[in-house]
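User: Please take a close look at one part of this structure. I would like its side-chain contacts described in one connected account, with the cut-offs given.

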Amino acid sequence: MSGVMKRMGLIFRAKANKALDRAEDPRETLDYSYQKQLELLQKVRRGVADVATSRKRLELQLTELQKKSTTYEDQGRKALALGREDLAREALSRRAALQQQVVDLETQHTQLQGEEEKLTLASQRLQAKVDAFRTKKETIKATYTAAQAQTQIGEAFSGISEEMGDVGMAIQRAEDKTEQLRARAGALDELMASGALDDPSGLAKDDLQAELDRLSGGSDVELELQRMKAELAGGSSTPAIEGGQQGSGQSAPPQDTPRFDKQ
């Protein structure tokens, strides 16, 4: 079971990686990375601003302590000039306590100033990297877009893209159906011409049948015309015609016969 679970996990990770690879757009990934770098740069700048604010506050405190120290020194001189040594000693003691605070604040100020310089330098370096990454990002995006467009154009010309493949298959199906209909129509024409297919309506005839019907129809008209001539001439019998010629016997004297228009 352990081996089966490991294999299933491997297959799942492989398929998930493949799906992510298809869904991933390098341009979007680059934009996201650039956005995260900008956020980091903004945090560094806020850190520099915070350190600078603390340094400035220490400088104000140092200035205030130095003013108080100068005041205590002046008060001690005046007290000593008036013969008040006790007051002078008190003033100098307070000044000494302030001096210790000044030393501590100056030490903190020096440390903050060093941190500020480090953060400022790091911010400048990070800004340079972000600017370089932005330039590289835009170059890669432009190259990727151009390559993608070139690939799509190449696939369109070669007909291997999905859209053009569908169009090509539709054209091929249309051509196949057209050729099939043309072949069927030609085969039907040949069968009709050969008489292999009978026309249910009885209207369609081949060339030979049409010629025989035309000759037969012409002979019937000639026979009927000869019969009518014989009746009008007073003959009792219908002349017999074989092979298109009149039989033997004396012909009747010619008489004027009415003319009938051939219908």
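Analyst: Helices (H or I, at least four residues) and strands (E, at least two) are DSSP runs, numbered from the N terminus. The model is predicted, so local features need pLDDT of at least 70 and side-chain atom pairs pLDDT 80 or more, while totals for chains, interfaces and linings use all residues. Residues are numbered from 1 along each chain as its sequence is written, and side-chain values use heavy atoms, without hydrogens and water.

As background, the protein chain has five helices and two strands, and its elements follow the order α-α-α-α-α-β-β from the N terminus. Of the 263 residues in the protein chain, 12% are buried (under 20% relative accessible area, with exposed over 50% and partly exposed in between; 1.4 Å probe, protein chains only). Contacts (heavy atoms within 4.5 Å) in the protein chain between residues at least 6 apart in sequence join residues at least 24 apart in 72% of cases.

Helix α2 has 56 residues. From first C-alpha to last, α2 reaches 83 Å, close to the 82 Å expected at 1.5 Å a residue (that is, 1.5 Å times one less than the number of residues). Just after α2 comes Gly83, with a positive phi of about 85°.

Which aromatic rings form the pair in this part? The rings are those of Tyr34 and Phe133, and the structure holds one aromatic pair (ring centres of Phe, Tyr or the six-membered ring of Trp within 6.5 Å; planes under 30 degrees apart are stacked, over 60 edge-to-face, the rest tilted). The pair counts as stacked because the planes of Tyr34 and Phe133 are at 15°, with the ring centres 6.5 Å apart.

Lys137 is a residue of helix α3. At 4% relative accessibility, Lys137 is buried. Neighbours within four places in sequence aside, Lys137 contacts Leu30, Asp31 and Tyr34.

Side chains of opposite charge can pair when their charged atoms come close. Lys137 forms a salt bridge with Glu138, 2.5 Å from N to O (a side-chain nitrogen of Lys or Arg within 4 Å of a carboxyl oxygen of Asp or Glu). While Lys137 is buried, Glu138 is partly exposed, its relative accessible area being 35%. Through shared partners, salt bridges join Asp31, Lys137, Glu138 and Lys141 into one network.

The salt bridges number 15 by this rule. One of them lies between the side chains of Arg95 and Glu73, at 3.5 Å from N to O. With Arg95 in α3 and Glu73 in α2, this pair links distant parts of the chain, 22 residues apart. Arg95 is partly exposed at 26% relative accessibility, and Glu73 is partly exposed at 24%.

Arg77 and Asp74 have their closest N and O atoms 3.7 Å apart. These residues are three apart in helix α2, so about one helical turn separates Arg77 from Asp74. Arg77 is exposed, with a relative accessible area of 51%, whereas Asp74 is partly exposed at 39%.

Two further residues of α3 complete the account. Ser123 is in helix α3 and is buried at 11% relative accessibility. Apart from neighbours within four places in sequence, Ser123 has contacts with Leu41, Val44, Arg45 and Val48. Ile140, also found in helix α3, is partly exposed, with 36% relative accessibility. The C-alpha atoms of Ile140 and Pro26 are 8.8 Å apart in space, although these residues are 114 apart in sequence.
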